[in-house]
Amino acid sequence: MAKVFSSQDTRLSAGARIVLPAIWLGLIIGISLIEAPLKFTAPGITIPLGLGIGRLVFTAMNWVEIVIAVILLWSVFKSAVGAGYRLLTSAVTVVLIAKVAVIRPLLNKRTDAVLAGVD
């Protein structure tokens, strides 16, 4: 089992490593897996309106994820936790950076094209 706690932990750091991943996962499940698909089934929501709302929601979500990742990285590297926990936290942060730096711009181009009427 990964070493999540160390004897040098502060309560804040230990709490962040427990609470923040749960909040982050809940955010991803709530927005990406529940809200986004349901938005397009709501009465009166057109594709352009749904895409505009989606851009706003996912931009806000990405900023919240970045803040969570920074705090979580601080918490993990501040304490003497196990290497597995550090590796997992770093890997998830790399995925977030790739999503924000590579995938989001590509999706923005695609939504711009759809909003411009390109099929």
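In this predicted model, Glu65 is buried, its relative accessible area of 2% falling under the 20% cut-off. The side chain of Glu65 meets that of Lys99 in a salt bridge, with 2.7 Å from N to O. This pair links distant parts of the chain, since Glu65 belongs to helix α2 and Lys99 to helix α3, 34 residues apart. Lys99 itself is partly exposed, at 23% relative accessible area.

The structure holds three salt bridges, and a further one also involves helices α2 and α3. Here Asp112 pairs with Arg55, the closest N and O atoms lying 2.6 Å apart. Asp112 is in helix α3 and Arg55 in helix α2, so the pair ties together parts that are 57 residues apart in sequence. Both partners count as partly exposed, with relative accessibility of 41% for Asp112 and 25% for Arg55.

Glu35 is partly exposed at 22% relative accessibility, whereas Lys39 is buried at 9%.

A kink of about 30° lies at Arg17, shortly before Pro21. Arg17 is also among the buried residues of α1, which include Leu20, Trp24 and Ile31. The cover over these buried residues includes α2 (47-78) and α3 (83-115).

Notes. Residues are numbered from 1 along each chain as its sequence is written. This is a predicted model: local features need pLDDT of at least 70, side-chain atom pairs count only at pLDDT 80 or more; totals for chains, interfaces and linings use all residues. Side-chain values use heavy atoms; hydrogens and water are left out. The bend at a residue is the angle between axes fitted to the seven residues ending there and the seven starting there. Helices (H or I, at least four residues) and strands (E, at least two) are DSSP runs, numbered from the N terminus. Buried means under 20% relative accessible area, exposed over 50%, partly exposed in between (1.4 Å probe, protein chains only). Contact means heavy atoms within 4.5 Å. A salt bridge is a side-chain nitrogen of Lys or Arg within 4 Å of a carboxyl oxygen of Asp or Glu.
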